[in-house]
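Dear colleague,

Please find below the structure that I am handing over to you. My findings follow it.

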Amino acid sequence: MKSFKKFVSASLIVCITTAGLPFSAQARMVATEEITAPASPSASRDAVNRFLARDEVRQAMLGQGVSPQAALDRVAAMSDGEVAQLAGRIDQAPAGGEVLGLLFTVFIVLLVTDIMGLTKVFSFTRSVR
């Protein structure tokens, strides 16, 4: 145990000593356009094309009467800004989030009522009563 304490204290001494050393840093002014611009227009275009290539998306497009090839042609005709905006919408879209949120809420409500003794749904809880 004594050797472990020596090892830990020596490690802490080294860490604290090196934490106080000055490190070089670079700073510069960044324009808003640099931050808001997409990293690569081709990456956004690839993300949209991958989304449109998914089977469930193709089935939904066919259900709406849109040809998958026509959708790909329209994406090819879009400007880089429009494709970046569409790729951002795809990334922000919930993937079954409404169903999961509903199930989680029901689980929490049942858990709380089970703990309060109003129901007996879960076997791993103990009633307050």
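**Findings**

Of the contacts in the protein chain with a separation of 6 or more, 32% are between residues 24 or more positions apart. Please note that this is a predicted model.

The protein chain contains 7 helices and 0 strands. Read from the N terminus, the order of its elements is therefore α-α-α-α-α-α-α. The chain has 129 residues, and 13% of them are buried. It exposes about 10700 Å², of which 64% is supplied by carbon and sulfur atoms.

Two of the helices deserve a joint description. Helix α3 spans residues 41–53 and helix α4 spans residues 55–63; their axes come within 5 Å and cross at roughly 70°. Angles of 65 to 115 degrees count as roughly perpendicular, and α3 and α4 are therefore roughly perpendicular to each other. Where they meet, α3 contributes F51, L52 and A53, while α4 contributes D55, V57, R58 and M61. By class, this contact comprises 5 nonpolar and 2 charged residues, with no polar ones.

Which residues of helix α5 are buried? They are P68, A71 and V75. These residues lie on the same side of α5, because they cover an arc of only 60° around the axis. On the face of α5 turned away from that buried side are the exposed residues R74, A76 and A77.

Yours sincerely,
A colleague

How values were computed:
Residues numbered from 1 in each chain as written. Predicted model: local features only at pLDDT ≥ 70, side-chain atom pairs only at ≥ 80, totals over all residues. Heavy atoms only, no water. Helix = DSSP H or I, 4+ residues; strand = E, 2+ residues; numbered from the N terminus. Buried < 20%, exposed > 50% of the residue type's maximum accessible area, 1.4 Å probe, protein only. Contact = heavy atoms within 4.5 Å. Areas by Shrake-Rupley, 256 points an atom, 1.4 Å probe, with all protein chains shown as cover. Axes fitted to C-alpha atoms, helices over the stretch in contact; angles between N-to-C directions. Parallel < 35°, antiparallel > 145°, perpendicular 65-115°, else oblique. Nonpolar A, V, L, I, M, F, W, Y, C, P; charged D, E, K, R; others polar. Arc of directions from axis to C-beta.
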